[in-house]
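Welcome, and thanks for taking a look with me. Here are some notes to read alongside the model.

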Amino acid sequence: MNKFRLEPLTFVKWLVMSLVIVLLIQTFNIQVLNQKVLRSKTKDMAVRSKNTYAERGLILDRNGVVLAENFRDTSNTSLDYSRIYLQGKLASQVVGKLDFEGHGNMGVERVFDTRLTGVDGFRVSVQDVHHREIYSRSEDVAEAEPGKNLVLTIDKNMQEIVEKTLKDGVAEFSAKSASAVVVDPYTGEILAMASYPTFDPNSKTQGIGRVAKNEIVAMPYEPGSTFKVITAAAAIENKIVDPLKVYADEGKCWRWSTRSEPICDTHVYGDMDMAEAMVQSSNIVFGKIADEVGADKLYRMARNFGFGMKTSEFFHGEESGRLLQPYELTRDDRTLKTMGFGHAVMVTPIQMVMAYSAIANGGKLMEPMIVKEWRDSHGNLVEKNEPVEVRRVVSESTASKIREMLNRVVNSGTAKRVASKKLPNVIFGGKTGTAEKYNQETRSYDREHQVASFIGLAPVEDARYVCLVLVDDPQSKHVGGLTAGPIFRRIMEGVYYHPELSPLSHNLAQVKTNESCDIDFMGMTKGAVKKLAESKKCNVVMEGEGDRVVSQRNDLLDSSATVVQFGETVASKMPNLKGLSLRDALEVMGSIRVNVEYSGKGRVVAQEPKAETALHKGVVCKLTLKEKS
């Protein structure tokens, strides 16, 4: 009996002893053999280290309007951050967007990715058994440093005007695309820059292909007649061609040798000096001027104006264009001549608008500015950009002479449609351009596809803005004066009548609402004017004697009326210009092909030659203007 009862006790003793031995072994293993490993695992379970997110810097317009900021998604536990573009499509090609990893992949988001990104911080987080952070025991080892806020030179209001006008222009002219840029010529600040079609940076599927490109910096093209300003600058600055030199009538085409391919104009213009050739946009005369200037000096002038090189390091995707070397221009007897009127050279819109800005500001090439300043996350100024003068390219005298030519182009030349009836006191100057597209594969020009352009100064003297408009492959009308020119005019009208942008006070009630009366009567006979005015039910006041309309303007006393001035289209005597505005005087003199110099502002109070004086070729009309006191 006793023996049988002791066996379970023995078993229990051995079981207890075995458990004790196992526990001793396990304790030894924990306390001695694997102490460091297990302590580390325990610490990892209770203490977590993690990077803390550094807010990406904001992108703002020049007035502090936010274009791009960060959106924090608190709906999930990972606290995802994403970029949101508050103005949608507005300035999207300038601002750009981020890739799927949160880095900038286009626009200023890419160019300034490092400064916008900031530096992530580092936090040690102590957690309980439920993985909840114990804040009293946790700490930030390194604070996150937010990215800097980027303030652009872009003005949101002006950008809206430009983008809306481009969209309407593409629809009106059935064009592939249109682009525009507005610059302050004295500082180089870009106030608006856009292309249409565009894209929405908030979309996950948009932002690829041509619509995402900033064509103002990334689309090389042949400038056509807008390049004639560079040829004129080379001729005048180097004192090779006197602006008053008269070039004999070549008819419609100029053939300088029996084997040469002729250079042609659209019409027969007769004898012309440089100013008249600019007004009529004569390829023949500017081909001759380029020939006289020579390859070396024309190349050097174009290079000084910034062609053949990038304008800035801050434009994503900027192209350099192509400027032929002097030896390339003289391989045959035609290439140099064609460069004189904007062929045989590839430029970008940003290069062209900065070149015209140099003419506008008196001869200084400025570096284009897209960044106004940098601020920290609290709004404090960190860095302010100052205008950068690249070099002086022409003298003030040369620039002034060219501005006078650009004035005449708008008032009596190929860009008459640019003059604004809504802004009678703002005198524009500028140049039209129409170039056939060059096919690199076939090495020939495609006569079915053109690039139309206009570059304007507003106003032509003491310019507040220089604006370039480019229309790619317009269908209904091809020339720059009928496509890009009107788009420029509408942009400037929008700017001047905007309550926060206008450099002048304008009464919005004076803007004509009857668009059917927005008619160009220039060159019409009295009978034709009466018939057209009656059919359109327009209020027209006729003044002067003569066979055709030589100028027109808004009636200052009745904004709904148009005043047309009649005169002789072929004048033998000097007309009386006293009392006329500068624009009206220039239109009258432009119709009779007389060069005009003027001083002062307001209306004409004195003129030389005097009224009724016999006119002769080469005479210069000098006007003195004065504002009413």
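How many aromatic pairs does the count come to? Keep that in mind as you go through the points; this is a predicted model.

1. **Aromatic pairs.** The count comes to seven aromatic pairs. One of them joins F112 and F314, whose ring centres are 5.4 Å apart, with 35° between the planes, making the pair tilted. This pair links distant parts of the chain, 202 residues apart: F112 is in the loop between α4 (107-111) and α5 (113-117), while F314 is in the loop between α11 (295-304) and β12 (322-323).

2. F112 counts as buried because its relative accessibility is 7%, under the 20% cut-off. F314, at 28% relative accessibility, counts as partly exposed.

3. **Charges over rings.** The charged end of K288 sits over the ring of W254, at 5.5 Å from the ring centre. For K337, the ring under the charged end belongs to W256, and the distance to its centre is 4.7 Å.

4. **Cis peptide bonds.** Most peptide bonds are trans, so the next two deserve a friendly second glance. Y196 and P197 are joined by a cis peptide bond with omega of about 5°; P197 lies in the loop between β9 (190-196) and α7 (215-218). The bond from A458 to P459 is also cis, and its omega is near -15°. You will find P459 in the loop between β19 (444-458) and β20 (465-472).

5. **Positive phi.** Most residues other than glycine have a negative phi. S174 has a positive phi, near 50°, and is found in the loop between α6 (156-173) and β8 (177-183). E612 has a positive phi as well, near 75°; its place is the loop between β25 (603-608) and β26 (620-626).

6. **Exposed or partly exposed?** S174, by contrast, counts as partly exposed at 43% relative accessibility.

7. **A nonpolar surface patch.** Finally, please turn to V12, V16, V20 and L24, which form a nonpolar patch on the surface. Together they have about 340 Å² of accessible area. V16 is found in helix α1 (residues 2-33) and is partly exposed, with a relative accessible area of 45%.

Terms used
Residues are numbered from 1 along each chain as its sequence is written. This is a predicted model: local features need pLDDT of at least 70, side-chain atom pairs count only at pLDDT 80 or more; totals for chains, interfaces and linings use all residues. Side-chain values use heavy atoms; hydrogens and water are left out. Patches are made of residues with over 30% relative accessible area and no salt bridge: like charges are joined within 9 Å, nonpolar side chains (Val, Leu, Ile, Met, Phe, Trp, Tyr) within 5 Å. Accessible areas come from the Shrake-Rupley method with a 1.4 Å probe; for residues, only the protein chains shown count as cover. A salt bridge is a side-chain nitrogen of Lys or Arg within 4 Å of a carboxyl oxygen of Asp or Glu. Helices (H or I, at least four residues) and strands (E, at least two) are DSSP runs, numbered from the N terminus. Buried means under 20% relative accessible area, exposed over 50%, partly exposed in between (1.4 Å probe, protein chains only). Rings of Phe, Tyr and Trp (its six-membered ring) pair if their centres lie within 6.5 Å; planes under 30 degrees apart count as stacked, over 60 as edge-to-face and the rest as tilted. A charge sits over a ring if NZ of Lys or CZ of Arg is within 6 Å of the ring centre and within 35 degrees of the ring normal.
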